[in-house]
Amino acid sequence: MTVSPARKAALRLLEIYRRQGSGFGNPSDKEIKRLNLDIRDAALAKRLYSGVLQNTTVCDYYIDLYSEVKPSAIEPTVRDILRLSAYQILFTDKIPFSAAVFEGVELCKQSGRERACGFVNAVLRRISGENLPEIPGEGTGEYLSIKYSHPLSHVNDFIDRLGYAATEKLLAVHNEPAAVFAQINTLRTSADILLAEMKEKTRPHPWIFDCVEVYGTGDISELPAYNEGKLYIQDPASKLAVYAAAPEPGMSVLDACAAPGGKSFAAAVMMKNRGSITACDKNTEKLKNIERGASLMGFTIIKTRIADARSPSEIGEYDIVIADAPCSGFGTIGKKPEIRYKTYKEIDGLPEIQYQILCGLASHVAEGGVLLYSVCSFRTEENESVIKRFLTERPDFAPEGFALPGPCGYAERGMITLWPHIHGTDGFFICKLRKSR
């Protein structure tokens, strides 16, 4: 009996991630296409890979608990095989324990680690036993850190800000399968028509107009509706940032950190393709992707331009400037589980870059215009602290309240933090600033 292609692919993905580190991101889509898996195996491989990243710490806890070998002495590939198999035992319902153990041993053989077969078999059989001990220390940050596989430093920061119970809810949501949302291009179709066409693959968002959840489709880029420009992928949080900016037909908009283009597309829809949108980025290939997307959806008002948002020049003034700044991405952990393992050292320099972007863009906001700052993070250092510093230097800007649908309500202070466990969106910070006349 051979190992399933899905498990072999998942092990390959874990190996790539381990070698490249968290800065490499998630290699699953690109690598799975290269491996030419069928739809079913591709879906399982991605689920296994993401599941291990979501649960690495708790898998390691039980592996090390039952290992007679020191944790530091377990060879990296063997550790990956153990994690992959332990995840199946601990968190999946449809995979028999015996199959997870057997294929773990087979992966050892096929990976050239035959000498580790007995060790892997023994550890996995112990983990699949009937009396698996509970994680100790319930009620502590250490307990949450192990159970939900988040670094302890991050967990303690969440507890300080949210409290213990809310932190557990947030971490639990991070480990659930991430929903995929798309926004409807109402220049091409309507919500009613698209939902009728894709009734087996979409459901309407409960409180965001022209937003649908897409499920059971595999690669969304292969959907007819996608290739006909009727929808584009964008999390509700990102669309809400454009709602806050409130672009109207005939306005001029600068999307200063535009890639992958969702905010430019949302603005084009809200502006009914009338006015002008300049989408900027430093990466030429990313701008080409935005151009292809705009063409597909029939947005003629979007023009792209290479620019560094920290020091843009000769780009004029705009009614609305959107600064979706580079950030830690902690708000997207539900979609990108590897982000949770970023250290504070890796992201400590981001607030300075975010501040520089705001300062660089401020002069390109027309008098009476809007500067909209957003990041997919809920860290105070990247959010309120950056805004406070900017306003100290630029008293000609002031926060302006805005209304959003559903549970968001009215942001009286001109800023709001969206939380996955409360709003059902990515973690996101939105701040609307108005420039004085």
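**Overall fold and selected sites of the predicted model**

With 437 residues, a compact globule would have a radius of gyration near 22 Å; the protein chain has 24 Å, which agrees. The structure is a predicted model. Along the principal axes, the C-alpha atoms occupy a box of roughly 75 × 45 × 35 Å. The secondary structure consists of 19 helices and 14 strands.

Burial and contacts were examined next. Of the 437 residues in the protein chain, 54% are buried. Contacts between residues at least 6 apart in sequence were also sorted by separation, and 71% of them join residues at least 24 apart. The chain exposes about 19900 Å². Carbon and sulfur atoms supply 51% of that area. Charged side chains number 53 positive and 54 negative. The centres of these two sets lie 3 Å apart.

The largest nonpolar core has 70 residues. Within this core, the residues with the most contacts are I302, L361, L371, Y373 and I430. Leaving aside neighbours within four places in sequence, I302 is in contact with S264, F265, A268, I277, A279, I290 and A294.

Most residues other than glycine have a negative phi, and most peptide bonds are trans. The peptide bond from A259 to P260 is cis, with omega near 5 degrees. P260 sits in the loop between β5 (252-255) and α14 (262-270). Two residues other than glycine have a positive phi: S149, near 55 degrees, and A246, near 60 degrees. S149 belongs to the loop between α8 (141-148) and α9 (152-162). Its relative accessibility is 0%, so S149 counts as buried. A246 is placed in the loop between α13 (236-245) and β5. With a relative accessible area of 29%, A246 is partly exposed.

Strand β13 (residues 415-418) holds T417. The relative accessible area of T417 is 14%, and the residue is therefore buried, the limit being under 20%. Sequence neighbours within four places aside, T417 is in contact with R161, F378, E384, H423, F428 and F429.

P405 occupies the loop between β11 (402-404) and β12 (409-411). This proline has a relative accessible area of 25% and is partly exposed. Beyond its neighbours within four places in sequence, P405 is in contact with W207, L240 and Y243. P405 and G250 are separated by 155 residues in sequence. In space, their C-alpha atoms are 24 Å apart.

Helix α1 (residues 5-20) contains R12. R12 is partly exposed, at a relative accessible area of 33%. Apart from neighbours within four places in sequence, R12 is in contact with E31 and R34. A further distance was computed from R12 to A165. These two residues are 153 residues apart in sequence, and 36 Å lies between their C-alpha atoms.

Along the chain, K70 and G368 are 298 residues apart. Their C-alpha atoms are separated by 64 Å.

Note on methods. Residues are numbered from 1 along each chain as its sequence is written. This is a predicted model: local features need pLDDT of at least 70, side-chain atom pairs count only at pLDDT 80 or more; totals for chains, interfaces and linings use all residues. Side-chain values use heavy atoms; hydrogens and water are left out. Helices (H or I, at least four residues) and strands (E, at least two) are DSSP runs, numbered from the N terminus. The radius of gyration is taken over C-alpha atoms; the globule rule is 2.2 Å times the number of residues to the power 0.38. Buried means under 20% relative accessible area, exposed over 50%, partly exposed in between (1.4 Å probe, protein chains only). Contact means heavy atoms within 4.5 Å. Accessible areas come from the Shrake-Rupley method with a 1.4 Å probe; for residues, only the protein chains shown count as cover. Lys and Arg count as positive and Asp and Glu as negative; His and the chain ends are not counted. The place of a charge is taken as NZ of Lys, CZ of Arg, CG of Asp or CD of Glu. A nonpolar core is a set of buried Ala, Val, Leu, Ile, Met, Phe, Trp, Tyr and Cys residues joined through side-chain atoms within 4.5 Å.
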